[in-house]
Amino acid sequence: MARDFAAARRTHGVMTAQALENLHDFEDAYRLQESVRAELGATVVGWKLAAPPAAEVISAPLFDIGCMASGTVLADTALLRDGVECELALRIDHPLPFGECTRDDVMAAVGAVMPAFELLCSRLPAKFASPREHIVADGMGHGAVVLGAPCGDWRTLNLADLRVTLWADDAPVVDKQGGNPFGDPLLAVALLANHLARRGQQLAAGTFVLAGSHTGVHRARPGERLRCVFEGVGQVALNLRETSPQHSKEHDYAGR
């Protein structure tokens, strides 16, 4: 199954329902995340998380092979076939406590904040309507991340109430105040740190955390020029090519 997920990531393919039949619990799903990383030969450089109402936090590692710099021209728009989100990436520069991590601990550990695009590319047949265990095994639909320049002078900002504007071809698509799903992105990092500690893992210094979308999902079109501005933090940009590269039909499905 790990080989099938890795192949689906490489080709932006889709797993078959049959390939997922024996995946029933979170323990296996999180083990699969690590096995997929090994299959891809990737390094963990960041994390994402979600906390649905009345449900346990879920998380997924982000890999070096899926990190891009602001201003990238993206040739393969399959990487964001399920949309793009505007998020803050919080860089962990100092170790966090192993368990019982608080907002104050996160304040002391975060060295910089970066504006970011998360590109969504689910490899599941039912996408985000899939069982949560399947979503975890699929890396929570992560396709790639585009990072803007780090802002080191962020402690005077109220990250929970930043103005954020998303532009598509110089036209504003979203312009709002606040909107982080956790309320405060620093609390999101504390939640993730404690969630990982319960699984015997720790947020490593030098990694970053995508702390949730401030804008919801934008369905980008080929050829669009995207730019997101977080007031006081900075901006991130992404240009999409007009057409996606052709691929053969055997790449459409993984896990046969």
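How many positive and how many negative side chains does the chain have, and how far apart do the centres of the two sets lie? In this predicted model, the chain has 24 positive and 31 negative side chains, and 3 Å separates the centres of the two sets. The secondary structure consists of five helices and 14 strands. With a radius of gyration of 18 Å, close to the 18 Å that the globule rule gives for 256 residues, the chain is therefore as compact as a globular protein of that length.

**Overall form and surface**

- The C-alpha trace of the chain, taken along its principal axes, spans about 50 × 45 × 30 Å.
- When contacts between residues at least 6 apart in sequence are considered, 74% of them join residues at least 24 apart.

**Pairing around strand β2**

- Strand β2, which covers residues 44-50, pairs with strand β3, residues 58-63, in the antiparallel sense over six bridges; within this pairing, Gly-46 has Leu-62 of β3 as its bridge partner.
- Strand β2 also pairs with strand β11, residues 208-213, but here the sense is parallel and the pairing runs over three bridges; Trp-47 has Val-209 of β11 as its bridge partner.
- In a regular strand, the side chains alternate between the two faces of the sheet.

**Strand β8 and its partners**

- Strand β8 takes in residues 142-147, and because six of its six residues are buried, under the cut-off of 20% relative accessible area, this strand is largely enclosed by the rest of the structure.
- Strand β4, residues 67-69, is joined to β8 by three bridges, and the two strands run parallel; Met-68 stands opposite Val-146 in β8.
- Strand β7, residues 110-120, pairs with β8 over five bridges in the antiparallel sense, and in this case Leu-119 stands opposite Ala-144 in β8.

**Loop residues with positive phi**

- Lys-127 is found in the loop between β7 and α4, the latter covering residues 132-137, and although Lys-127 is a residue other than glycine, its phi has a positive value near 50°.
- The relative accessibility of Lys-127 is 31%, so this residue counts as partly exposed.
- Asp-170 lies in the loop between β9, residues 163-168, and β10, residues 171-177; Asp-170 is likewise not a glycine, yet has a positive phi of about 70°.

**Arg-155 and its contacts**

- Arg-155 is found in the loop between β8 and β9, where this residue is partly exposed, with a relative accessible area of 41%.
- Once its neighbours within four places in sequence are left aside, Arg-155 is in contact with Met-107, Ala-108 and Val-110.

Key
Residues are numbered from 1 along each chain as its sequence is written. This is a predicted model: local features need pLDDT of at least 70, side-chain atom pairs count only at pLDDT 80 or more; totals for chains, interfaces and linings use all residues. Side-chain values use heavy atoms; hydrogens and water are left out. Helices (H or I, at least four residues) and strands (E, at least two) are DSSP runs, numbered from the N terminus. The radius of gyration is taken over C-alpha atoms; the globule rule is 2.2 Å times the number of residues to the power 0.38. Contact means heavy atoms within 4.5 Å. Lys and Arg count as positive and Asp and Glu as negative; His and the chain ends are not counted. The place of a charge is taken as NZ of Lys, CZ of Arg, CG of Asp or CD of Glu. Two strands pair if DSSP finds at least two bridges between them. Buried means under 20% relative accessible area, exposed over 50%, partly exposed in between (1.4 Å probe, protein chains only).
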